[in-house]
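Hi everyone, thanks for coming. I'd like to walk you through one structure today, so let me put it up on the screen.

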Amino acid sequence: SVSDTVDTFSTLLTPLKAFNTIVNEIANVHPYAKVALSIFTCASKMILDQADRDDAVSRLLSKISEVFTFITEEKELMKIQSMLATYGKIAQQTLECADFIRHYAETKSVWIRLGKHVFDETDATIQSYNDVLDSLMQQFRDLAARDTVVIAHHMGKTNWYIDQGGLGSCFCFDRTRQADRRQDKIFTTIASDLADCNPVMRRALAKAVSDHNGLKRTPDIAKQWQQLIVGPTNIASKDIAAPILIIIEALDESGEANSREQILRLLAGKLNTSTSQLAELPANFRILITSRLFEDIRNALHAAPHVRHVSLDDVPSASTELDIQLYVSHKLEDLRHVFNDAHFKSLALKSDGLFEWARLASEYIKSTNIVNLGPMRRFREISETSAKGVHLLDEMYQHMLADIMPKHVHKDVIPVFRSVMGQILASSEPLPINALNAMRQCFPCDDDRYDVKLIMGHLGSLVSGTSDLHTPIRPLHASFYDFLTDESRSQDFFVDASAVQGDLAFATLGVMDSEHGLRFNICSLENSYLPNSSVPDLEKRVKESISVELSYSCRFWGTHVSSTSFESSLAKEVEAFFDGERLLWWLEALTLMKGIGGSVVTLLSITDWFSGHADFTHVSDAARDTLRFVRTFASTILHSTPHLYLSALPFAPTQSRMFRKFAAKFPCTPRIVSDPVENWPQMEKIIHANDRVRSVAMSPDGKRIACGLRDGTIQVWDIETGEALYAPLRGHT
């Protein structure tokens, strides 16, 4: 009967109501659990506020009731401090269940439209939720004895807040990944992270994207911010009491100042309407930015009234020294028979507040590269310095490198060191030892084809990936990169990364032409009937068939060529690339890696590199023709890679270089027998503006076009790609 159903629901909801009456008291006793407790509160309110409850979800509601009874039992409350991670997972799973209950009617309608059996789907979903909750509660019971030292260790991690069930995202810039243009993906990535954390945010974001499908690909930072972050978080904040934390780490490593200009203007409230957008953010929204204080970052954010500045220089030195002393004593714990607390304190004082120096000093003291230079002698050696700040780090790097490469072997070792480190620093993204070695085998000079591990094996304190052939090698700290590339600081160990660009240009072209390089149907696709999205193991095939070094070479050969001064021997290598089927195989590989868009940048850079060299005009023409081919057929090739050969090539204009050069090599493909298109059309692309265009201007280099629109805005596009370079500029007449 209806009354029985009401009584059943009332009984099941009692533990939720009881929890809401005591949650503040629990939070006062266990402040570290506030994030998880706020999620439990959100879940309970979502269920209690649900007026229309379906009998079909009563079994799930019963399990949730059991969870709330469990988390309010005194014996379980005593274990919260040592079980925060599991406690947070239970909270998140409970919120997922509450979201399912709240939207059950909507979900049921979708299942009906899809022809699914509603009862079976409901039963399977609820069983899945119940199993996960049972498993998590059992984990809580079984592992509650874990001591708080482990928790304290995890609290130091950047993602600690998210691990405890909080709603947040951590976006890290990395100078070794500047070629990825991570600044273009910052808010799409953050939005995706927030959706992964919280079902309410997930629904809000899904609606935003379904209403505006282009949001997933738009380069407009302001549009990403407003429609992927501000809008969805405002909707979700009605059900989320805990802070929403966004961490943007190492903003200074995004690249040159222009790479972060729009992000800074937006965060400072100076990008179009971003001031009002910042005001629209919910009160529980927080953004934490970590960065070195570069001039452009300081100028953009220093005067912003909504930005609070905290400098590590303002942290009391006594507190920092105590932390560093604790760190050093832990790192040198195995040398307690040599050192005591006074030595550790001395190192902490010498560090000048630099944790990186303390780390390097500890590694240097522990190392055993030179006979008769034991830990105490090393300690005394680094203790004699009077340097401070950057100079202190420089001296430590000098000590460590001189230890690995003593003066008497410089003549033989330093050129090898410079070449290997130059390769690492000049690479557009970090590569593991195996890939670095494979590329080095394609260096133009035989004398440069030595094993990278011979050098890297000794640099484990300074770079990552030295002990694992598959982990990318990169400097462990940005200061080491700065040290190596500044000759006044590194002296004998100076590395000129630009000097290796030519070798890398030859290497990337060589890798693509090697035995394990590019080839026809590289992933062995059986037929052309399936779109790429329907090939079940395509991602696995790509990983197995396209090596790390081949993937890198396909994506960045143009970068290295264009970073090298014009050289006829390299020009002939590029000429050979455009002359053979390797060109088509390159487009095939890029498509399979979902990187066909990058070919546009490569081809444009190659065209520019050959500019002014009359003997190679035909190579520039080949690059331009390939560019037209890509722009015309990219969507077709992306849909199904075999149609590069079956559709794109046959339908290319008969007078185009691509058709004349390659069509005859594939005789078993379709042919147009009547009225074929002979030349590429005059109009290459249409650029769509937001309003009627009143005026047009081109940049002096012919690469950008600006339009004044009727609505008072100015829009700037890249002529070659047709992409909007900035959000519409406002405030003009």
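Helix 32 covers residues 617-639, and it packs against helix 29 at an angle of about 45°, the axes being 10 Å apart. For the angles, axes are lines fitted to C-alpha atoms, for helices over the stretch in contact, and values run from 0 to 180 degrees between N-to-C directions. Helix 29 and helix 32 are therefore oblique to each other. The cut-offs for that word: under 35 degrees is roughly parallel, over 145 roughly antiparallel, 65 to 115 roughly perpendicular, and the rest oblique.

Before I go on, please keep in mind that this is a predicted model, where local features need pLDDT of at least 70 and side-chain atom pairs count only at pLDDT 80 or more, while totals for chains, interfaces and linings use all residues. Residues are numbered from 1 along each chain as its sequence is written, and side-chain values use heavy atoms, with hydrogens and water left out. The helices (H or I, at least four residues) and strands (E, at least two) are DSSP runs, numbered from the N terminus.

So which residues of helix 29 and helix 32 meet? On the helix 29 side they are V574, E575 and F578, and on the helix 32 side H618, V619, A622, A623 and T626, with contact meaning heavy atoms within 4.5 Å. That contact divides into five nonpolar, two polar and one charged residue. In this scheme Ala, Val, Leu, Ile, Met, Phe, Trp, Tyr, Cys and Pro are nonpolar, Asp, Glu, Lys and Arg are charged, and the others, Gly among them, are polar.

Helix 29 (residues 568-579) has another partner, helix 31 (residues 598-610): their axes come within 12 Å and cross at roughly 135°. That makes helix 29 oblique to helix 31. This crossing is left-handed. Here L570, A571, V574 and F578 of helix 29 meet L603, I606, W609 and F610 of helix 31, and the residues are eight nonpolar, no polar and no charged.

Now for helix 31 against helix 32. These two pack at an angle of about 160°, with their axes 9 Å apart. That makes helix 31 roughly antiparallel to helix 32. Their crossing is left-handed. Helix 31 brings residues including L603, I606 and F610, while helix 32 brings residues including V619, A623 and T626. This contact counts nine nonpolar, four polar and two charged residues.

K594 has a positive phi of about 60° although it is not a glycine. Q491, in the loop between helix 25 (487-490) and helix 26 (501-512), likewise has a positive phi, near 55°, without being a glycine. As background, most residues other than glycine have a negative phi.

Three strands form an open sheet in the order 1-2-3, with parallel pairing; two strands pair if DSSP finds at least two bridges between them. At the edges are strand 1 (167-172) and strand 3 (285-289), each pairing on one side only. Six bridges join strand 1 to strand 2 (residues 244-249), and G168 stands opposite L245 in strand 2. Helix 10 (residues 186-197) lies across strand 1 and strand 2, running at about 145° to strand 1.

Another open sheet of three strands has the order 4-5-6 and antiparallel pairing. Strand 4 (693-698) and strand 6 (714-718) are its edge strands, and its twist averages 20° from one strand to the next. Strand 5 (residues 704-709) is joined to strand 6 by five bridges, and I705 has W717 as its bridge partner in strand 6.

Last topic: how many salt bridges are there? The count comes to 23, taking a side-chain nitrogen of Lys or Arg within 4 Å of a carboxyl oxygen of Asp or Glu. One of them joins D252 and R292, with the closest N and O atoms 2.8 Å apart. D252 sits in the loop between strand 2 and helix 13 (261-267) and R292 in the loop between strand 3 and helix 15 (295-301), so the pair ties together parts that are 40 residues apart in sequence.

Thanks, everyone!

Terms used
A crossing is left-handed if the near helix is turned anticlockwise from the far one by less than a right angle, and right-handed if clockwise.
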